[in-house]
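Here are my notes on the model, as numbered points. Please read them with the structure open.

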Amino acid sequence: MTVTVPYVLPIEKGPNFRDLGGYQTTDGRTIKYHKLIRSGRMNKLSDQDLAFLTDYGVRTIIDLRSPKEKQQWPDRVPAGARYELNSIFPTDETQVSKSIVELRKLYDKDPVAGFMNMVNTYRDMVSRGSAQRAFHHFFEILCAHDQDNDAVLYHCTSGKDRTGMATVYLLTVLGIPAATIRADYLLSNPLLHKNRRDRLAALRAADSNSALIATTRSLASVRNEYLDAALVKIEDDYGSLPDYIENQLGIDNQMQAQLRQIYL
């Protein structure tokens, strides 16, 4: 099956904005365009960006960040859109919002510390009750959003980890093949290339050592190993991914059928 590359929205002041429309299910159906948009932070959006999102049909914003991230970098919300904070973690476990000074205190000794932090964060996203409840509420919002021409936009800081796992669960429910789901997850790397390059350049300019640069690169990327850490945790502790979605996230057959009716 050909993997369709999603439409990357022409947003100038925000990272990793893309429409999930066009992805094909295993039974030949397709996700509708202008319905499901994933992205990174929205605090720096320009007026032109906001106007584009309004015209694109964005009417609901689901913010998966922590309360502190929301307070420090509040979203700029398109006109007429409803905003809801739905924190996956109470704090930013992905560390992507940390300053250079904060990163140096945590990670300037071990070049694999960032990698291990991300592996453990993905496992926590699977096992923490608070994360499971937040993902359940994410699906509740999607089920309530059945207007034909309205789009839901959900995001975290970089749009790659918390948003990434939300998308893994969502695309699984909609019947998208596993290879397509993984390709969509990994697409964050090229879309965040400039952000990652600028962050690493700032570290080098601040005379950071190689360990901190290596671990920051891990924090600023997605990797197969991160996703696999979550999927193996699911298989070891809860059975299959569909079992986990139904039994741990509480997305029953009725909700899944409703989601497919709305978004395919």
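1. The mean pLDDT (the predictor's confidence in each residue, from 0 to 100) is 90 for this protein, and 91% of its residues reach 70 or more. Over residues 97-101 the pLDDT is below 50, and beyond near neighbours in sequence this stretch has 11 contacts in the model (contact: heavy atoms within 4.5 Å).

2. This is a predicted model, in which local features need pLDDT of at least 70 and side-chain atom pairs count only at pLDDT 80 or more, while totals for chains, interfaces and linings use all residues. Residues are numbered from 1 along each chain as its sequence is written, and side-chain values use heavy atoms, with hydrogens and water left out.

3. Helices are DSSP runs (H or I, at least four residues), numbered from the N terminus. In α11, the buried residues are Y226, L227, A229, A230 and I234 (buried: under 20% relative accessible area; exposed: over 50%; partly exposed in between; 1.4 Å probe, protein chains only). The face turned away from this buried side carries the exposed residues E235 and D236. Among the elements covering the buried residues are α4 (113-127) and α12 (241-247). Just after α11, G239 takes a positive phi of about 95 degrees.

4. Rings of Phe, Tyr and Trp (its six-membered ring) pair if their centres lie within 6.5 Å; planes under 30 degrees apart count as stacked, over 60 as edge-to-face and the rest as tilted. This rule gives 10 aromatic pairs. For Y122 and Y226 the centres are 5.8 Å apart and the planes at 35 degrees, so the pair is tilted. Y122 sits in helix α4 and Y226 in helix α11, 104 residues apart; both are buried.

Terms used. Helices (H or I, at least four residues) and strands (E, at least two) are DSSP runs, numbered from the N terminus.
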